[in-house]
Amino acid sequence: MRRLLLFTIFVLAALIGCDTAALETESQVVVEAYLEAGEPMDSVRLTRTARASAEYTPERTAVQGADVQVQRLNDSGGVAATVPYTETDSTDGLYIPETPATVDSQATYRLRAAPPEGPVVTAETTVPAPVEAVRTQNDTTTYPDPDDENSDPPQFELTVRPGPSALERQNVYVLTSRSLLELQSISASPPDSVAGRLLTPFYLEQYDADSDTLASFRVNSSGLLNEANFTSNDDGTVSITLPWLAVAFYGPNQIRASVVDDNLYDFLRTQSAQQMSLAPGEIPNVDEDIENGTGIFGSFAEASGKVLIRPPNLTGDDVPLRP
């Protein structure tokens, strides 16, 4: 997916590992596709499930030669428009729109993927209403000093105006922070180096220069957060305070608040339940909405803002703060 990096094909690999359907002899088509309100239609990735004892990689399990299209449905459920997809030359199993098309908010879309062998895979999603970023506060702030229990700097706050929800529930958000530093240009190094000191304390403890890259810590996301967790304002806006634990890097960060559709909501909710299960017999299947397959076809709307996080006790040579 182009922007919502919380959801990756590796998340789906975890789904396959826990879903009892993955233990069947006959493999299933795995769908990974997302639509963002008001943005161009993104790619669709098709792979197949692997046996529990086999390594799961998108490259080795790619579904090639499929007939893929995304249909926008009208109010009566008929097809109002169709966007055909074509497989890319660079990545097996990755399909992109043949012509540019923009995702309409509050519209319902159907994914139709016909592999060379097996049944046609279908799924539907209704795109949430757009979310508008209204204002931000504390765009430049300092990370709390871990050595000072009284350190309480102001936290970044993003105020958004969500559109009307067509769902029978309150809006549910996912918060994502993404470092804007050029991490690829910084080599892996010991924690006492400049590169190591880019990380905030919680993530620095987890960083292993021998096995990790700084870029692997770039994006961090919350779980599902109900709108009731945030501050509702009299003007209909919602103010979201960024928790410090969501920030992995000092310097410039982009913060995104994404309202998710029912498919992503069910996917993340049941995936979270899997992670909390203690015994193999208690692990529930992921709740998904794919006909004749597995995976995720979901949609979201998002608003974003930027914040500059300074390290505590900053000196001129501590960290680069420019992206």
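Let's start in the core. The largest nonpolar core has 48 residues. Those with the most contacts inside it are Val 31, Met 41, Leu 46, Val 68, Tyr 109 and Phe 297. Which strand gives the most to this core? Strand E18, residues 294-310, with five residues.

Keep in mind that this is a predicted model.

Look at Phe 297. Leaving out residues up to four places away in sequence, Phe 297 touches Val 31, Ala 33 and Leu 35, among others. Its contacts also include Tyr 109, Arg 110 and Leu 111. Then come Ala 123, Glu 124 and Thr 125. Asp 261, Asn 263 and Ile 290 complete the list. There is also a second, separate core, of ten residues. Among them are Tyr 203, Leu 214, Phe 217 and Phe 249.

Now the overall picture. The secondary structure comes to three helices and 18 strands. The protein has 323 residues, and 48% of them count as buried. Take the contacts with a separation of 6 or more: residues 24 or more positions apart account for 70% of them.

Next, confidence. The mean pLDDT is 83, and 79% of the residues reach 70 or more. Where pLDDT is low, the predicted coordinates should not be read in detail.

On to the aromatics. How many aromatic pairs does the structure hold? Six. One of them is Tyr 143 with Trp 244, edge-to-face, at 5.3 Å centre to centre and 65° between the planes. This pair links distant parts of the chain, 101 residues apart. Tyr 143 sits in the loop between strand E9 (140-142) and strand E10 (157-162). Trp 244 sits in the loop between strand E15 (238-241) and E16. Buried or exposed? Tyr 143 is buried, at 9% relative accessible area. Trp 244 has 17% relative accessibility, so it counts as buried too.

Another pair is Phe 202 with Tyr 203. This one is edge-to-face as well, with 5.1 Å between centres and 85° between planes. Phe 202 is partly exposed, with a relative accessible area of 38%. Tyr 203, by contrast, is buried at 8%. Ring pairs join Phe 202, Tyr 203, Tyr 207 and Phe 217 into a cluster. Recall that Tyr 203 and Phe 217 belong to the second core.

Now strand E16, residues 251-260, and in it Gln 254. Gln 254 has a relative accessible area of 16%, so it is buried. What does its side chain meet? It makes a polar contact with the side chain of Arg 256, at 3.3 Å. Beyond four places in sequence, Gln 254 touches Thr 176, Ser 177, Arg 178 and Leu 180, along with Ser 304, Gly 305 and Lys 306.

A few loops to finish. First, Glu 227, in the loop between strand E13 (225-226) and strand E14 (231-232). Its relative accessibility is 17%, so Glu 227 counts as buried. Apart from residues up to four places away, Glu 227 touches Pro 162, Gln 170, Asn 171, Tyr 173 and Val 238.

Next, the loop between strand E17 (290-291) and E18, which holds Gly 293. Gly 293 is at 9% relative accessibility and therefore counts as buried. Leaving aside neighbours within four places, Gly 293 is in contact with Gln 28, Val 29, Val 121 and Glu 288. The C-alpha atoms of Gly 293 and Val 120 are separated by 8.7 Å, and the two are 173 residues apart along the chain.

Asn 292 lies in the loop between E17 and E18 too. Asn 292 is not a glycine, yet it has a positive phi of about 65°. With 40% relative accessibility, Asn 292 counts as partly exposed.

Last, Asn 138, in the loop between strand E8 (131-137) and E9. Phi of Asn 138 is near 60°, a positive value in a residue other than glycine. At 33% relative accessibility, Asn 138 counts as partly exposed.

That's the tour.

Conventions. Residues numbered from 1 in each chain as written. Predicted model: local features only at pLDDT ≥ 70, side-chain atom pairs only at ≥ 80, totals over all residues. Heavy atoms only, no water. Helix = DSSP H or I, 4+ residues; strand = E, 2+ residues; numbered from the N terminus. Buried < 20%, exposed > 50% of the residue type's maximum accessible area, 1.4 Å probe, protein only. Polar contact = N/O pair within 3.5 Å; in protein donor to acceptor, adjacent residues only side chain to side chain. Contact = heavy atoms within 4.5 Å. Core = buried A, V, L, I, M, F, W, Y, C linked by side-chain atoms within 4.5 Å. Phe/Tyr/Trp six-rings, centres within 6.5 Å; stacked < 30°, edge-to-face > 60°. pLDDT = per-residue confidence, 0-100.
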